[in-house]
Amino acid sequence: MPYIDSNRRPLLNKWIENVKVEDTDIGGLNYIITKIVLKWIKRDQPSYLNYNQAIGVLECVKQELYRKAVAKYEDKKCEENGEVYY
């Protein structure tokens, strides 16, 4: 869950601001995320636990993105263009 303590956010935000996602395509975004996850896994000895935790984080990121952003976007488009499901 991305809702970490607000005291931890400034340091992480400073690091994130230096990542230039505007200069890349979707493959580049995939590469950036992959390299961050691999670096996190390798901070210790790679293990099933670390791999499993990383996969769990990625799944939670996916679900939270859908819940907080995609679902709202889809609801807006449904209102604009009409319901498909009955």
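**View 1. Asn-50 and its neighbours.** Asn-50 touches Trp-40, Ile-41, Arg-43, Asp-44 and Gln-45, leaving aside residues up to four places away in sequence. The model shown here is predicted. Asn-50 belongs to helix H3, which covers residues 48-81. The side chain of Asn-50 reaches the backbone oxygen of Ile-41 at 3.5 Å. Is Asn-50 buried or exposed? Its relative accessibility is 5%, and buried means under 20%, so Asn-50 counts as buried.

View 2. Ser-47 is found in the loop between helix H2 (26-41) and H3. Ser-47 has a relative accessibility of 27%, so it counts as partly exposed. Look next for Glu-80, which lies 33 residues from Ser-47 along the chain. The C-alpha atoms of Ser-47 and Glu-80 are separated by 48 Å.

View 3. How many residues does H3 have? The helix has 34 residues. At 1.5 Å a residue, H3 should span 50 Å. Its end C-alpha atoms are 46 Å apart, which agrees. H3 also has a kink of about 40 degrees. The kink is centred on Tyr-66. Just after H3 comes Gly-82, with a positive phi of about 100 degrees.

**View 4. The buried residues of H3.** Which residues of H3 are buried? They are Asn-50, Ala-54 and Glu-64. H2 is included in what covers these buried residues. An α-helix has 3.6 residues a turn, so residues three or four places apart point the same way. Across the protein, buried residues make up 7% of the 86 residues.

**View 5. The whole chain, for orientation.** The protein has three helices and zero strands. Read along the sequence, the pattern is α-α-α. The radius of gyration is 17 Å, well over the 12 Å that the globule rule gives for 86 residues, so the protein is more spread out than a compact globule. Along the principal axes, the C-alpha atoms fill a box of roughly 50 × 30 × 30 Å.

**View 6. Confidence along the chain.** The mean pLDDT of the protein is 94. Of its residues, 100% reach 70 or more. Which element has the lowest mean pLDDT? Among the elements, that is helix H1 (residues 9-17), at 93. H3 has the highest, at 97.

Definitions and conventions. Residues are numbered from 1 along each chain as its sequence is written. This is a predicted model: local features need pLDDT of at least 70, side-chain atom pairs count only at pLDDT 80 or more; totals for chains, interfaces and linings use all residues. Side-chain values use heavy atoms; hydrogens and water are left out. Helices (H or I, at least four residues) and strands (E, at least two) are DSSP runs, numbered from the N terminus. Buried means under 20% relative accessible area, exposed over 50%, partly exposed in between (1.4 Å probe, protein chains only). A polar contact is a pair of N or O atoms within 3.5 Å; within protein, one must be able to donate a hydrogen and the other to accept it, and residues adjacent in sequence count only if both atoms are side-chain atoms. Contact means heavy atoms within 4.5 Å. pLDDT is the predictor's confidence in each residue, from 0 to 100. The expected span of a helix is 1.5 Å times one less than its number of residues. The bend at a residue is the angle between axes fitted to the seven residues ending there and the seven starting there. The radius of gyration is taken over C-alpha atoms; the globule rule is 2.2 Å times the number of residues to the power 0.38.
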